[in-house]
Amino acid sequence: VVSENRQHELTARALDPAASAVIEACAGSGKTWLLVSRIVRLLLANASPSQILAITFTRKAAQEMATRLREWLFELATEPDDAVRRFLRERAVAEDEVEALLPKARQLYER
């Protein structure tokens, strides 16, 4: 069993766009949330969509990830600033980067 602090640390490291990550976990463990969150973080770090590779075992999982990514990017483009700030913080964006990334987050859907 992993402590809550350790889990937060592992999640933050997996979401860090400067680090490589391999995510393996059982069904229902939050992999889709983590992988799609990482994709958003990579896009915020100026990665081109063509530079991102996410591999799943099933088409259903790939479709779920693509759907969630589109939904989240739409939310980032349309939700109030406070909701977007909360979204970024939930994905381990450093507090001193949240305001700077707010405009970029709003443009990801269109980009």
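**Figure 1. The model contains 2 aromatic pairs, counted where the ring centres of Phe, Tyr or Trp (its six-membered ring) lie within 6.5 Å.** The structure is a predicted model, in which local features need pLDDT of at least 70 and side-chain atom pairs pLDDT 80 or more, while totals for chains, interfaces and linings use all residues. Residues are numbered from 1 along each chain as its sequence is written, and side-chain values use heavy atoms, without hydrogens and water.

**Figure 2. Tryptophan 72 and phenylalanine 87 form an edge-to-face pair.** Their centres are 5.5 Å apart, with 80° between the planes (over 60 degrees is edge-to-face, under 30 stacked, the rest tilted). Tryptophan 72 belongs to helix α3 and phenylalanine 87 to helix α4 (residues 81–90), so this contact ties together parts that are 15 residues apart in sequence (helices are DSSP runs of H or I, at least four residues). Both tryptophan 72 and phenylalanine 87 are buried (under 20% relative accessible area; exposed is over 50%, partly exposed in between; 1.4 Å probe).

**Figure 3. Arginine 91 lies over the face of tryptophan 72 and over that of phenylalanine 87.**

**Figure 4. Phenylalanine 74 and tyrosine 109 pair across distant parts of the chain.** The ring centres of phenylalanine 74 and tyrosine 109 are 5.4 Å apart and the planes meet at 75°, so this pair is edge-to-face. Phenylalanine 74 is in helix α3, and tyrosine 109 is in the segment after α5 (95–107), 35 residues apart. Phenylalanine 74 has 44% relative accessibility and therefore counts as partly exposed; tyrosine 109, at 45%, is likewise partly exposed.

**Figure 5. The largest pocket has a volume of about 680 Å³.** A pocket is an open set of 1 Å grid points where a 1.4 Å probe fits, with protein on both sides within 12 Å along at least five of seven lines; lining residues have an atom within 4 Å of a point. There are 26 lining residues, and Ile23, Leu35, Ile55, Thr56 and Met65 lie nearest the centre. Helices α2 (31–44) and α3 (59–78) each supply at least two residues of this lining, and α2 gives the most, with 6 residues.

**Figure 6. The second largest pocket holds about 260 Å³ of space.** Its lining consists of 13 residues, with Gln7, Thr11, Ile23, Ser29 and Leu34 nearest the centre. Helices α1 (4–15) and α2 are the elements that give two or more residues to this lining. The largest share, 4 residues, comes from α1.

Key: Grid points are joined across faces, edges and corners, and a volume is the space filled by probe spheres set on the points. A charge sits over a ring if NZ of Lys or CZ of Arg is within 6 Å of the ring centre and within 35 degrees of the ring normal.
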